Amino acid sequence: MKSKISYFNKAVFKKDMTQFWSLWAVEIVISLLIFIMPLMSSVNGIIREYTGNTLNARSDIKESLISFTAVLANPVFIFVMAIVVAVVVFQYTFNSREMYMIHSLPVKRETLFISHYIAGVVMLLIPYVIGFAGYIIVGKMYCAGLTISMLLLAFEVFAMILLFYGIACMVVMVSGNSMMSISIYCVLNVLYIGFYMMFMSVNQMFSYAGRTVDMENILTGRYAWLSPIVFLYRKTGFKWTGVKRWSDSTSLKSEIIRWSEILPFVCAFAAAIIIFIVALLLYKYRKSETVGDMIAFSWGKPVYRTVFAIAGGMFFALISWTIYFQQGVADTMNGEGAYDIERLMDIVMLMMICVIICYFVSEMMLKRTFFIWKSFSKKNFLIVVGGMLMFLVLEVTGVIGIKIPKLNNISELEITSENNILYTDKDDISKFVKLNKEIEEKRLKSDGDSTCGVSFCYRLKNGTKREFSYELPTGQGTISDKIVQCANRSKQKYEAIFSKAYKDGGYKLQNVEVQDCDGNSESTTYASTEEAREKIYEAVLKDIEEGNINILDLSYQGESDDKRLNFRTYVNEKMADKYKMGAYERKSFYVNNKNQFTEKKMLNISFKAKHTRRVIEELTNDGKLKLLDSKEQYYE
Amino acid sequence: MIVGKDVCKSFEGFKALDNASFHVRKGSVYGLVGPNGAGKSTLIRHITGVFEPDSGSINVAGENVFENSVIKEKIAYIPDDIFYFKQASLDDMMKYYAGIYKNFDRDLYEKLCGGFPALDRKMRVRRMSKGMQKQSAFLLAVSMRPEILVLDEPVDGLDPVMRKQIWNILLNEVTKYGVTVLVSSHNLRELEDVCDYVGIMNKGKVIIERSLAELQGSVSKIQIAFADEVPDFGKYVNVVNHSVMGKVHTLIVKGDSETVEDKLMGLNPILMDLLPLTLEEIFIYELGGENYEVKDILF
């Protein structure tokens, strides 16, 4: 009965497997219901459809198998089951009688932990063993080229199991209470992203600039892996490397495992091993008398208190404000096109009140009593609340917060309003930076209804992005007018419309659409010949030269007969390299049906653009502007 | 066998053990007595390796017991509030312990079960009565073939018949196999029939530790009466306590009982009787002058 391996105790392992048989019995049922039966039903349906001709049905069965493997490899199920299993196998750490009994046994803590851990891993693997077995059988029966892909998929699933289960075990070791363990586990898995979003929201609150919380930036950023469930869900989902490669697989070559495919999961494995060691050490040094405590380690209590008070306070303040005012804080601040400084103190006070309340709630939770007044530490309270107050003061005074980046760090600047213009020229960028700073300093207030939206999006050399959005007053002499004039005088004004390659001999204006500004797409026409395109091009150049057209239209409120021109320019990779087009520029290119990069730019034409209006009228009369028909191939 | 030296333990500022020192000799039955909250269970958990002391040491067979699986193999522990796995029967628990304790004796287990025919081995232990649960705990503990039995209020809540049965098993183990027994209780009267040594705990300290044989041999309770003049007893024997009811004098005397008896007979009393002393009385008089409110402690 005694295992020869000193770090594994068979009796402990067997006890877990027999005592918690209902857990893995439920898992078996779930695996049958979610993994196997839908697949079998789909396969049977396909075979019936092909009236039993499995040879012809193979392609459809393969497609079906691919789509179902996404369910098999969905990290959300693993995420949930991991904490359930960890709480179950280590449940004795929540109960003093059981804990004392177990720890009085002649078994070292390392042995106890490892034996329970292995029992948990086995329980988590059961549904996947059944799932993979079913899929491999179906694959062997109906499809080919399966083995390596399935093994890769199994490896990825195993890595995720170990990672999430390791985190769950670590959390269970830190907390002596099951509900607290589950809460900490869930929060820990989204902490980075949640905290980042809250920080951005708070920062947005104090800045004059509106700033949207860029979810894509957060979710794909360098540290997104700190929120494992979110990171892995995006990494896997329907883009499983194992599945993707299989769906592309047409030859033996695809059976070679590429390092880049499995790297995220090798990292997950490595992280899982580290987390396992941390959890083991936590269990080894955890005191038995902490059973039932919300946080079992004395060093964890101030951390918990601080995080709960500050994050909880910020969260509840933001939520309360949003519910009460039916809009976000930043929107309330910038409600009428002007920054409402008076409201600022309201939100600061609300935030401080919420932080104080959350501090006391955290104390109550740690001490498991409502009556904490006599025993709570005033020093700790002052540190946490004082720290939060300091943070808010620094935000209000602008000492901290997201600032307009330094010129040396800026790689590209995109100005967005009705249209987007990308600047890479240093002189152009420095002028816009000056204007941006002027907006921030003056915190300009709108006098009337005439406002326009503009945003400055800085892409930095380190790959990050900073965005500042404003609602600005319009009119002559206003800041928005200065921005328009700056755009009209910029070195890149032609590139803004025609791309960098517009002077190049190889430049091709692929398509020009002429649209009514009321957005009526039924009357959209396009220049059907190269000659027509060239005429419009030359006319636009002339109007820009004479200042009849604004490159950047911040306050464009078109008249009924105004036009919009949509230019599509053709730029190949060579030209993109030649003109040192950055990653963002290239990314924004549309790849047409001939695999060519085409860039779309838009330009509003008012009655002032006399040359362009004249040419459009001429071409219309000559029948050179044809109605846009979706069936026509207007890409050459 | 078990030596605790200046053991201290605090829980969130509360001092549960305050320099507690004790010595349990090999093959003896040591009774740990004290009121509720004295620290008995806490001390026992240190001895069984559940808690680690903040300072001081607890050695079993010369080695530190905490996280020492070799030493823990020798110890069988029955807590006051026994834990059994949910859904587990007595046989299930036996299999579990047999997998943990190298010396677990299944034959002995079978034999002991035969001695308790009322115990249903297939029944879930949690469904059994408290008395049967304790019986089950004893069966399992004894089957582990321990060198040390640590019992925390083992007969608390049991009827007299059950208590007798439990004590019989224990004493049998002590006699036959030289097992060392540490038993805690808040009732001194219960322990006086079984213990060789007694330690009294109060407020986290072991305030007194004595051998019962020494104690019982060194203090005597004598009732004596005289026809005429009553002599001055203090000249002849060491009187700790003297009470009078009519002509009958009740003396508590320190010293060897035979010597005391001989000396008092020499005074020609008309009546002299040697009365049994309870352990409680022994402790009260033994501690006389040390200013411990033993009477309060023991009640």
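Where in chain B is the place of B:Glu153?

Analyst: Keep in mind that this is a predicted model. B:Glu153 sits in a loop of chain B, the one between strand E7 (148-152) and helix H6 (160-177). For a charged residue the setting is worth a look: B:Glu153 is buried, yet has no salt bridge. The nearest side chain of opposite charge belongs to B:Lys40, and it is 4.1 Å away.

Now compare another glutamate of chain B, B:Glu67. Its side chain meets that of A:Arg109 in a salt bridge, at 3.8 Å from N to O. Across the interface of chain B and chain A, the rule finds four salt bridges, and there are seven residue pairs in polar contact, with both partners at pLDDT 80 or more. On the chain B side, strand E1 (2-11), helix H2 (69-72) and helix H3 (90-100) each supply at least two of the residues that touch chain A. H3(B) gives the largest share, with six residues. Sorted by class, that side of chain B has 13 nonpolar, four polar and 11 charged residues.

As for overall extent, 28 residues of chain B are in contact with 25 residues of chain A. The area buried between the two chains is about 2,600 Å², and carbon and sulfur atoms give 59% of it. B:Glu67 shows up here again: together with B:Phe83 and B:Tyr96, it supplies 25% of the area that chain B buries against chain A, more than any other three residues.

One last stop, over in chain A, is A:Asn189, which lies in helix H8 (residues 178-206). A:Asn189 counts as buried because its relative accessible area is 0%. Its side chain reaches the backbone oxygen of A:Tyr185 at 3.0 Å. Setting aside neighbours within four places in sequence, A:Asn189 is in contact with A:Phe79, A:Phe164, A:Ile167, A:Ser227, A:Pro228, A:Ile229 and A:Val230.

Definitions and conventions:
Residues are numbered from 1 along each chain as its sequence is written. Chains are lettered from A and ligands numbered from 1 in the order in which they are written. This is a predicted model: local features need pLDDT of at least 70, side-chain atom pairs count only at pLDDT 80 or more; totals for chains, interfaces and linings use all residues. Side-chain values use heavy atoms; hydrogens and water are left out. Contact means heavy atoms within 4.5 Å. Buried area is the accessible area (1.4 Å probe) that two parts lose on being put together, summed over both. A polar contact is a pair of N or O atoms within 3.5 Å; within protein, one must be able to donate a hydrogen and the other to accept it, and residues adjacent in sequence count only if both atoms are side-chain atoms. Helices (H or I, at least four residues) and strands (E, at least two) are DSSP runs, numbered from the N terminus. Ala, Val, Leu, Ile, Met, Phe, Trp, Tyr, Cys and Pro count as nonpolar, Asp, Glu, Lys and Arg as charged, and the others, Gly among them, as polar. Buried means under 20% relative accessible area, exposed over 50%, partly exposed in between (1.4 Å probe, protein chains only). Lys and Arg count as positive and Asp and Glu as negative; His and the chain ends are not counted.
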